[in-house]
Amino acid sequence: MHEETSLTVGRVNRVLTERVRPAIHSARVPLEITANQLPGEPIAPADGLALEFEPFSAGTMWGPAWSTTWFRVRGEVPADWAGKRIEALIDLGFDINMPGFQCEALAYRPDGTPLKSINPRNQWVAIDAEPGSAVEFYLEGASNPVLLDYHPFLPTQEGDIQTSSPEPLYRVRHMDLAVFEPEVFDLSLDLEVLIELQAELPETSPRRMRILQALDNALDALDLQRIVETASDARAQLTEVLASPADASAHRIAAIGHAHIDSAWLWPVRETIRKVARTTSSMTTLIDEQPDFKYGMSSAQQYAWIKEHRPEVWERVKAAVADGKFLPLGGMWVESDTVMPTGESLVRQFSHGQRFFEREFGIRSKGVWLPDSFGYSPALPQLMRRAGFEWFFTQKISWNQRNVFPHHSFLWEGIDGSRMFTHFPSMDTYNSQLSGMEVAKASRQFKENRVGTMSIAPVGWGDGGGGTTREMTGKASRLADLEGSAKVEWKHPDEFFDDARAELTDPAVWVGELYLELHRGTLTSQHATKALHRWAEQALIEAELWAATAAVQHGTEYPYEELDRLWQLVLLHEFHDILPGTSIAWVHREAVEVLTGVISDAEELSTAARDALAGEGDTLLRFTPTSLTAASDDRALGAVAVTAADFGSGPATLTELPDGFRLENDLVSVVVSAEGLIISAIDKATGRETIPAGKPANLFQMHQDFPNMWDAWDIDRYYKNRVDDLTGVASISASVIDGAATVLIKREFSKSTIEQTIVLRADSRTVLLINDIDWNETEKLLKLAFPLDLFARETLAETQFGFQRRVTHVNTSWEAAKFETSMHRFVLAQEDDGFGAALVNDSIYGFDTSREVDGDDITTTVRLSLLRAPRFPDPDTDHGHHEIEVGFVIGADAAIATAEGIKLNAPATLVRGANEVEPLVSVTGEGIVVSSVKLADDRSGDVIVRVYESLGRRTTGALSVGFAHSGIREVSLIEDDLDDARTGGKLSLRPFEVRTVRITRA
């Protein structure tokens, strides 16, 4: 036969687009529209239904950015529509290519019952009315501006209601009543599935040829002027090719309905609440209509929002959960960033998430569902296992710029050796439409095809795009068992992971962090959000400690409700577009306000508890909130009276030099040049110089920072090609203040200033660099460089409950891709003999490392990323005032770096009182750190203590309890009893092992 493939394909595509799909709704009549545009923030649905409405007509513009318009829609079903399915068709001015990124609406009955969402890919509402009867419903329309447009990443002021334009954005095209033709709808899906399937088959395969012939036969049977009447005839020509079963070895796809909804991103939190209500309304409706369909949603926070703000939707969700069709996934409060939160924050993500699901639904999630976070900490496998999870799901690593990840189903091994069964969907998306291309890709790309047969497909439009559609469920039914395709089945992810584990008896192992080779700028963007978040975490950990101590020792009431409220605010702001700094200005403006409030409220709790413990008196007491302390007479996690000995043997000294200053104490000697640069840093015990000759440290450097795309997210490697060393000094002075040698430097550059105070205190090997920065740059990156006279083969960067090692060479493309990496409170570079230098910080997460060889001189340079200035999505990112503290630790090893990082982030507090305070608990054992002390979540009054091994070594020690108790036993991270629990106060920990201990009070 002659080649006619292209002719058939062209024919099908045109007929499908221009004739069949438009005929899905046959007869149409316009509806009567009235509207009320609100002047301010959204109102409750009951109030919206009670508004006064003004006449409104199709073709009229509506909705300035971020406003809400309520529409009342009325009509009458024509008498001749008897026996037909009636639907309202609503087009608010949609661009179907942007589901989730523009206007949306939620439809209500007159009694306030929510029906479903209206969005670009889901523009219909089913109408239950008899011919001749009246129709009435309401639309709560949200005119969210399109910020990620066809030319994305352009700076815009539309990302904050305080700066957005008052001009209306959208034009209503129509609101009609229409007859839905199910046979035409089914024909459209038959044609779509087959035309997409044939495109993925071998060019001359018999299966492809027979599909093409069947498509031609179907269109021959279809009268283009009588689509409704002849749709059944056309479908009959496709019956045989649609009934042909899949191959026995066909890949299997476990589909799960999905609508990845960012808890904030290009919209504020208040709009996410409405996006969740719209989407869940649609999904519960689809569940009622499609018996095989299963929908999964993560984030306990989003369920809590529905419960609080949309109780009528909440009841439908609860019923669908009880039926096993609406599936709470993930066991976390939100889909969190996992790189920057502390270990305690990740534990609370799990505990608050699982507590909510258990309290509201009587279930717990078995796995962690985190498709879209920007890289994954190597501490996570242990934390997931110790919280009781069995599996981990993500997708984002498929976005790597350089290296293709080698597995889809595998074991992920963390820093302590814990392993977690993990799956990446091989179709590389968490917004699948079940297109032929996606389904074929899932099968073709699956790395474990030799030993495995299955992958997951999260199916649905995200971010308010409406989730799964009836088109997607229709395609799934056709792809359940179809020759030439993978098999598609709606399936609970728990079932998928059980099956995948059963067939992969010896899965591959990936060791260490799941580093995303993209979005490296998220470690730096929006410093104010990051700094306040870090400080809020610590404020809450301290509030728990002192409140627990006061409750046990003095019987004061433990503030369970308030601590839960504050933790949940912090956990929300760990969402993977808030803490990483990639949301609109509105989101970060509110984040600063909320986190500032959290810190203030947590400090009030700490103050009240400390005052109760100290009593009334004039003795100066030092309350130490950490189990690591430099002074031998301090009792960690308690309070002692301050004595003269606490201030050391004598002040640090300051000597003025011909071209700078020498700062010195018994441990180190540091020279600061007239340019404010550190040109010498000697460890007195060894005599080692830390700064290489001619390469000064404490060097501020500014780079041009204009990535190819994803401005707030990305730092592209070519940024290093252009750099300005900021060595100019507006003023410099030095003095001894309160026993500390101090140098004050002011720098002015471009549109910005830096006032830096260099401080060396007595008995400290840490040079403190207090940076007060007024930053007003555009598309720049500010680094602080420390060239070190060290041959460091690797760096040690703190992560949750330990540290991760990264080599300083770039032998492979995997290592070269890590040109910007993460840390928490410290990064350490050291030589093989253990001598090194560390940088500790109070609010920094990004850094880079390089190693240079010049003859016999080897230098390792560590540079901290301080501030950025991308213009999308917030055109004023990082502009304004910032306080950043960095400590340069001379002569450091892992133990010293850990202690100094904790000390900088958890300083002691001085309180006037009468009573020294015995610690509730204390620990012995090299490298053992107490992470938190609190009362148990179940409100039993038991004391929970979390400890971890911080140095990457096996260790033993003991936990001593300072109050009457009846037992000590190990529990899970989320405080569940364990079958094999260790009891008693003896501690034996593997490298980086985390243990949670429950102490029952007598």
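Guide: Buried means under 20% relative accessible area, exposed over 50%, and partly exposed in between, with a 1.4 Å probe and protein chains only. This is a predicted model, where local features need pLDDT of at least 70 and side-chain atom pairs count only at pLDDT 80 or more, while totals for chains, interfaces and linings use all residues. Residues are numbered from 1 along each chain as its sequence is written, and side-chain values use heavy atoms, without hydrogens and water.

Visitor: What makes strand β43 mostly covered?

Guide: In β43 (residues 857–868), 10 of the 12 residues are buried. Strands here are DSSP runs of E, at least two residues, and helices are runs of H or I, at least four, numbered from the N terminus.

Visitor: How do you know that β42 and β43 pair?

Guide: Two strands pair if DSSP finds at least two bridges between them. β42 (residues 846–854) and β43 have 9 and run antiparallel, so they pair. Arg851 stands opposite Thr860 in β43. In their hairpin, with 2 residues between the strands, Gly855 takes a positive phi near 65 degrees.

Visitor: What joins β36 to β43?

Guide: 8 bridges join β36 (residues 780–788) to β43, again antiparallel. Leu781 stands opposite Arg868.

Visitor: Why are β32 and β38 called edge strands?

Guide: They belong to an open sheet of 9 strands, ordered β32-β33-β34-β35-β44-β41-β40-β37-β38 with antiparallel pairing. β32 (731–737) and β38 (802–807) each pair on one side only.

Visitor: Which strands does helix α15 lie across?

Guide: α15 (residues 527–554) lies across β41 (836–841) and β44 (880–890), at about 60 degrees to β44. Axes are lines fitted to C-alpha atoms, for helices over the stretch in contact (heavy atoms within 4.5 Å). Angles run from 0 to 180 degrees between N-to-C directions.
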